[in-house]
Amino acid sequence: MNEYALIEATRVFKRAVPLMVKYKVPTTPHYFSLWYAYCAGTHPALNRAVDAIVKKGEFCTVKQCDDFIETYLLDDATKELDTFRQKVQDLAAGLGSSMDTTMSNTEEFQDILNSSVTKLEDVKNRELQGNESKKITHDLLQGSQDLLAATEQYQLHVKAQRTEIDQLKQQLEDYRKQATHDALTGCLNRRAFDIALAEHVSNNNGVCLIMVDIDHFKLFNDEFGHQMGDSVLKIVANKLEQNMQEVATVYRFGGEEFSVLVTDVSIKGAWLIAEKTRKALERLSVTDKRSGQKINSITASFGIAALEAGEESASLLARADALLYKAKENGRNRVMPGFR
């Protein structure tokens with residue numbers, strides 16, 4: 001990075017971080033990328049969307065930040081994928097060129113070999129004249145050397161490109177994970193949830209939706225700070241996945257809210273899974289390493305709805321969300337299933 005670029009990056013950084021603190025946005029790399037883009041002015045449409053909220057005197061919520069990233073910054077990931085695809089195409093072209101060279105040398109050697117075999121067949125009938133024997137030997141030796149050199153070059157090329165292919169495969173996996181996973185918790189993200197739910201709805205699968213919201217999460221942030229809040233989110237996400245990974249898929253829906261899709265189970269079965277998880281969350285505790293303060297009570301509320309025949313995603317989400325808020329109204333730390 002040249003001196004000017006470094007100065008510019010520092011300037012943007014000094015603007016972005018105070019804004020994140022001001023609007024109470026978690027200062028994680030995931031959200032920093034959004035506010036860095038905003039302060040750098042690289043995405044005018046993003047700036048207009050953020051400014052529209054700020055002018056109303058509102059804070060940018062974590063969910064709004066997630067929506068902004070999905071709406072305005074995913075194009076960057078698309079460009080990276082396009083670059084990746086071009087690298088793969090170039091790699092294949094280079095490998096094909098090397099293979100063509102080796103094939104050409106192989107075909108030439110085959111011609112030499114066929115010609116030499118024909119001539120050697122004549123040995124049965126007559127003695128070779130003059131330097132004919134030396135000529136055959138020379139042609140065979142030269143052809144063998146050319147083929148060997150081409151083969152060795154091809155093997156070196158393949159080895160080098162295999163290494164590059166491994167690197168590109170890892171890069172592709174990183175891009176895929178960035179597109180489908182939440183940076184903070186490691187869970188699948190809202191985008192992945194929307195895709196999965198749409199597929200279940202399209203196929204009319206038997207699926208239950210569990211909406212999970214951490215109780216009193218704002219108090220954790222206000223009393224202990226956002227870093228402690230982030231720790232709570234990560235620990236809760238980990239506990240959800242531990243308890244549900246064999247029977248369900250966990251997604252970070254946004255903010256302190258998670259969504260869970262359970263397939264091939266009745267709503268009663270989903271309720272049993274949620275109740276077991278709720279009790280596991282009750283036993284969690286988190287300690288702030290800086291202050292030594294401990295959170296001994298982490299609870300969550302759950303709302304469960306089963307997909308009905310012909311129902312749309314929005315309707316299922318609305319029903320599960322309503323049940324979640326009913327659990328909140330009834331005292332929190334409880335599971336509210338939508339039995340019918």
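Guide: Phe193 and Tyr251 are both buried. The model is a predicted one. In it, three aromatic pairs are counted. Phe193 and Tyr251 make one of them, edge-to-face, with 5.4 Å from centre to centre and 70° between the planes. Phe193 sits in helix H6 (residues 190–203) and Tyr251 in strand S2, so this pair ties together parts that are 58 residues apart in sequence.

Phe193 also pairs with Phe253. That pair is edge-to-face too, at 5.6 Å centre to centre and 80° between the planes. Here again distant parts of the chain are linked: Phe193 belongs to helix H6, Phe253 to strand S2, and 60 residues separate them. Phe193 counts as buried because its relative accessibility is 0%. Phe253 has 12% relative accessibility, so it counts as buried as well; the cut-off for buried is under 20%. Phe193, Tyr251 and Phe253 together form one aromatic cluster.

Now the sheet. Strands pair through backbone hydrogen bonds, parallel or antiparallel. Five strands make up this open sheet, with mixed pairing, in the order S2-S3-S1-S6-S7. Its edges are strand S2 (248–254) and strand S7 (335–337), each of which pairs on one side only. On average, neighbouring strands of the sheet are turned by 20° against each other, direction ignored.

S2 and S3 run antiparallel and are joined by six bridges. Arg252 has Phe258 in S3 as its bridge partner. Two residues lie between the strands of this hairpin, and Gly255 takes a positive phi near 60° there.

Next comes S3 with S1. Strand S1 (residues 207–214) and strand S3 (residues 257–263) are antiparallel, with seven bridges between them. Ile210 finds its bridge partner in S3 at Val260. S3 is mostly covered, with six of its seven residues buried.

What packs around these strands? In soluble globular proteins, nonpolar side chains tend to be buried together. The largest nonpolar core here has 34 residues, and Ile210, Val232, Val236 and Phe258 touch the most other members. At least two residues each come from S1, H7, H8, S2, S3, helix H9 (267–282) and strand S6 (300–306). H8 gives the largest share, seven residues. Two of the residues named above return here: Ile210 and Phe258 are among those touching the most other core members, and each has a bridge partner, Val260 for Ile210 and Arg252 for Phe258.

Take Val232 as a close-up. Beyond residues up to four places away in sequence, Val232 touches Ile214, Phe217, Phe220, Val286, Ile295 and Ile298. A second core of 22 residues stands separate and includes Ala16, Ile53, Cys60 and Phe68.

Val232 also takes part in a helix contact. Packed helices are described by the angle and the distance between their axes. For helix H7 (residues 217–224) and helix H8 (residues 226–244), the axes come within 7 Å and cross at roughly 140°. On the H7 side the contact residues are Phe217, Phe220, Asn221 and Phe224. On the H8 side they are His226, Met228, Gly229, Val232 and Leu233. By type, the contact has six nonpolar residues, three polar and no charged.

Arg278 is placed in helix H9. Its relative accessibility is 11%, so Arg278 counts as buried. Apart from neighbours within four places in sequence, Arg278 is in contact with Ala300, Phe302, Asn333, Arg334 and Val335. Of these, Asn333 lies in the loop between helix H10 (313–329) and S7. Asn333 is not a glycine, yet has a positive phi of about 50°.

With a relative accessible area of 47%, Asn204 is partly exposed.

Technical notes:
Residues numbered from 1 in each chain as written. Heavy atoms only, no water. Axes fitted to C-alpha atoms, helices over the stretch in contact; angles between N-to-C directions. Helix = DSSP H or I, 4+ residues; strand = E, 2+ residues; numbered from the N terminus. Contact = heavy atoms within 4.5 Å. Nonpolar A, V, L, I, M, F, W, Y, C, P; charged D, E, K, R; others polar. Pairing = 2+ DSSP bridges. Phe/Tyr/Trp six-rings, centres within 6.5 Å; stacked < 30°, edge-to-face > 60°. Buried < 20%, exposed > 50% of the residue type's maximum accessible area, 1.4 Å probe, protein only. Core = buried A, V, L, I, M, F, W, Y, C linked by side-chain atoms within 4.5 Å.
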